[in-house]
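Read each answer with the structure in view.

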Amino acid sequence: MQIDKTFNDFVLKFGNINGSGSASANLLCAKALFRMGLPVTPKNIFPSNIQGMPTWYEIRVSEAGFQARRDGIDVMVAMNPQTYRQDVECVVPGGTLIYDSTMKRNFGRDDIDVLGIPISKLCADNWSDPRQRQLFKNVVYLGALARLIDIDNEILETLIAEQFRSKPKLVKPNIEALEIGREYSRENFPNRLKVRARKSTRTRGKIMISGNEAAALGAIYAEATVASWYPITPSTSVAEAFERYAKRFRTDEDGKLRAAIIQAEDELSAVGMAIGANWNGARAFTATSGPGISLMSEFIGLAYFSEIPLVLFNIQRGGPSTGMPTRTQQSDVLSCAYASHGDTKHVLLFPVDPGECFTFGADAFDLAERLQTPVFVMSDLDIGMNDWVIDEFTWDDERRADRGKVLDAVALEQVADFGRYRDVDGDGIAYRTIPGTHEERGAYFTRGTSHTETGGYTEDGTIHAKNLDRIARKHETAATLLPKPLIRDLSAKSKLGIINFGSTDSAVREALILLAREGHGLNHMRIRSFPFGEEIEAFAARHDYLFVVEQNRDAQMRHLLVAETDISARKLLPILNYDGMPLTAAFVHDAVLNLFAEYEDIAEACATPITAA
Amino acid sequence: MTHIAKPKFSHPNLPKNGLGLTRRNYEGVVSTLCAGCGHDSVSAAIIEACYELEIPAHKIAKISGIGCSSKTTNYFLNRAHGFNSVHGRMPSVATGANLANGELTYLGVSGDGDTASIGLGQFSHAVRRRLNMVYIVENNGTYGLTKGQFSATNDKRSKNRKGVENQFDSIDLCSLAIELGAGFVARSFSGDKAQLVPLIKAGMSYHGFALIDVISPCVTFNNHTSSTKSYDYLRAHNQVMDRLDIVASRPEISADYEPGTAIDVTLHDGSQINLHKLSSEYDPTDADTALSNLNRYKRQGTVVTGVLYLDPDEVDLHDVMNSSKQPLNSLGQSELCPGADALEALNAQYR
Ligand SMILES: Cc1ncc(C[n+]2csc(CCOP(=O)(O)OP(=O)(O)O)c2C)c(N)n1
Ligand code: SF4
Ligand SMILES: [Mg+2]
């Protein structure tokens, strides 16, 4: 059946049972394609369960560099009989299904190629240990698949050698398993598949890493020393990666760690510890997800009102409540923007990928200390736990941590009357001191109760209101310091635009190209932070309609835009996805066209696209 | 409320400690607690202990939760940074602060509501982590600041002011702390300054978690005749187990006690504890006998005070975590940031 070959543009999907050891084989596949120079987008779709439930791994290969998830599977490796039915369905006509034919099965589709490989039998014939029989199944299908789509063998073997560097005994049997799969496919399916991998140079200067590892690295580079956390998917790997990097980069001459990583008893304690450490002059953070944010709320208000720097990595997952712990969403926008009771408002950063998890992760500490307030890095499960192909990290050795307005002992000697909450410079940000700095000067009392400029208790309403106003002013200052939105005027005359933030960006960019090909020119703005800077209103003013793409039911970013800017709510048309899956370009494209159909004047606002990038 | 303004100037003849500081230098702002509140006596004892220990006040961090008791961190040690955090969460704030800089002395002040109810989880975990701090509970068996509700340390069958009986078993924070691995556990009475001051000194010198549960009557809501946390009840039912002397150096120990009744311990920081047992029935360095001793007296309605448990092996969280000897908050870029070259190597790893 194989006629036209398609190179470097396909989606592979693996259907496995979780706990069966498939993860490392599937990652190996993605990594091998990446090493061949191909931009890959792996998505791990896993259950909130340890063993026995269905789990999938998708790899999109796109030489053009599209990084969004894409429906329409070209090659499905179906290793889980429980999900055969849906796994067969998702294969595109002309696609291929590979399955373990030890138990033969008729899949009832004659528009696809079904390749049966007796994987269990091959493993049973070659290994006697039941654990090995199970584990090597994954490597056998990988060997067969690799041959069928031309994954470079040498690269695979190198990766296996790297993977088992600390257990060299395992290298040989893994390579044998690979060969068993390859051999079977050679003998039984002499024709390879229509979709093929071919070496490219598209990943030069790129790395493949998850957002959580990148965020942890950002914290390491930003000189964070205290990490307090409580395990919760999908944030756990931030703390784990921080610990790993700390051991690697921060072990001193005495074998002691220049960092403290502490697993707290809950999120209240985790954030309390981070606040205590920041108060005491260390850079500290916590990493959590929605349920943790809910628990931390009271403390977040304390940090806001008593003006203690604090960095929180919120790796968002599907809510409400325990929700879908292993699925992705952007549904904590409002709960973080205004976390805690009373008038509170917080700085949010919206990284788009692991690259920005690293840079924003590092910047967050400067911002938190400069502004003396909590800063949330609003990542999500898709960015945090999946591997992404991004530009290599860079770091400027000249960069210095911005510790903000801190008075040391020498400076305190010069200050006649220190007032912790006195706005000396007019930007709303007062000077702070670190405990233990000076024998007689600079001590103050930190409290969540209303306070005077010197930190004394007050019930004077005028003083209270004035203090709240000053803190609000700080947030106006914040808007000028935060990462600006990325604006792309793709069709200069267009009166239509798309607004998005975070992990939806690859889908939005691809959708814009699809729309441009169909003659619809839209401009694009990716929001990167809150409080909003003036660029956002300016962009809105130039457009009649703006589609606001987000992954939650209630259009939370749209709410925030309506509440915090003068943009008319009428202009902002929500495009919402909240099924927990990473967004696809097709979804965004179709949603835009649906809105075109719904509002007649919208289509007219489009202009001829001038670029399609 | 007591609003007696303190004169600003210091008398030139006020006695000074080894640092040249007067007691005045260890004071705080004027207390706003009810006249006669036990908590004010605890503040006075803290001032005295710090003065006698000759600690520079700015090397102490005062951390508390919420409650009348927690407010008191403002009423002593003006030269120290204070942190009145949120209700029941002082232990986590103290933990973070301590991780940032293990070299300060951490003085936590809390109430029985703050510690035994809303904060019981955080308290327990700070204990089991052996956080190096002295944790003072000003225990009045009631929620003072919210006007007299029963707290979890209120004894079963004890009555509130209106005659309503508490139906639930009380939590004994000292037993719990011993159970969970605290190194230094003491109980005292706010009215016994002679006992309390050396206990606070020893607690502050102890390297590890030191709990001092101070029965500190609430004159407004829990000082009536049917209360087991009143001044009268304590005077009638206080069983002092031992008397403690603490001195900075060995030669000054007064060892004029009967042989067999005194326990000497040298603390981590070199100071000497001399514990004179008033009862020969128990050994405060043995957790099992310390616990059974507490239980036995509790059944009798007797409040035992003094050092209830002392683990001469001092271990704190930093020891366990193997963190850098230099305070983390004092480390600079060269010690913390791996730099561009290391990042290049990392890039290679992720290729
Ligand atoms: C989250 C929260 N819930 C409730 C309160 C109200 N509150 C303030 S103090 C207090 C009880 C304090 O009791 P305790 O710790 O025994 O201190 P005391 O006033 O008796 O010294 C309560 C319930 C609060 N401040 N925060
Ligand atoms: S209410 Fe009770 S605890 Fe509070 S200040 Fe008055 S006497 Fe003290
Ligand atoms: Mg109380």
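Q: Which residues come nearest to ligand 1?
A: This is a predicted model, in which local features need pLDDT of at least 70, side-chain atom pairs count only at pLDDT 80 or more, and totals for chains, interfaces and linings use all residues. Residues are numbered from 1 along each chain as written, chains are lettered from A and ligands numbered from 1 in the order written, and side-chain values use heavy atoms, without hydrogens and water. A residue is near a molecule if one of its heavy atoms lies within 4 Å of it. Of the 18 residues around ligand 1, the nearest are B:S69, B:D112, B:G113, B:D114 and B:G144.

Q: Between which chains does ligand 1 lie?
A: Elements of chain B that each supply at least two residues of the shell are α2 (68–71), α4 (112–116) and β5 (142–143); helices (H or I, at least four residues) and strands (E, at least two) are DSSP runs, numbered from the N terminus. The ligand itself lies between chains A and B.

Q: Which element gives the most to the shell around ligand 1?
A: The shell divides into five nonpolar, 10 polar and three charged residues. Its main contributor, with three residues, is α4(B).

Q: How far from an oxygen atom of ligand 1 is a backbone N or O atom of B:T142?
A: A polar contact here is a pair of N or O atoms within 3.5 Å. For B:G144, a backbone N or O atom lies 2.8 Å from an oxygen atom of ligand 1. For B:T142 the distance is 2.9 Å.

Notes
Polar contact = N/O pair within 3.5 Å; in protein donor to acceptor, adjacent residues only side chain to side chain. Nonpolar A, V, L, I, M, F, W, Y, C, P; charged D, E, K, R; others polar.
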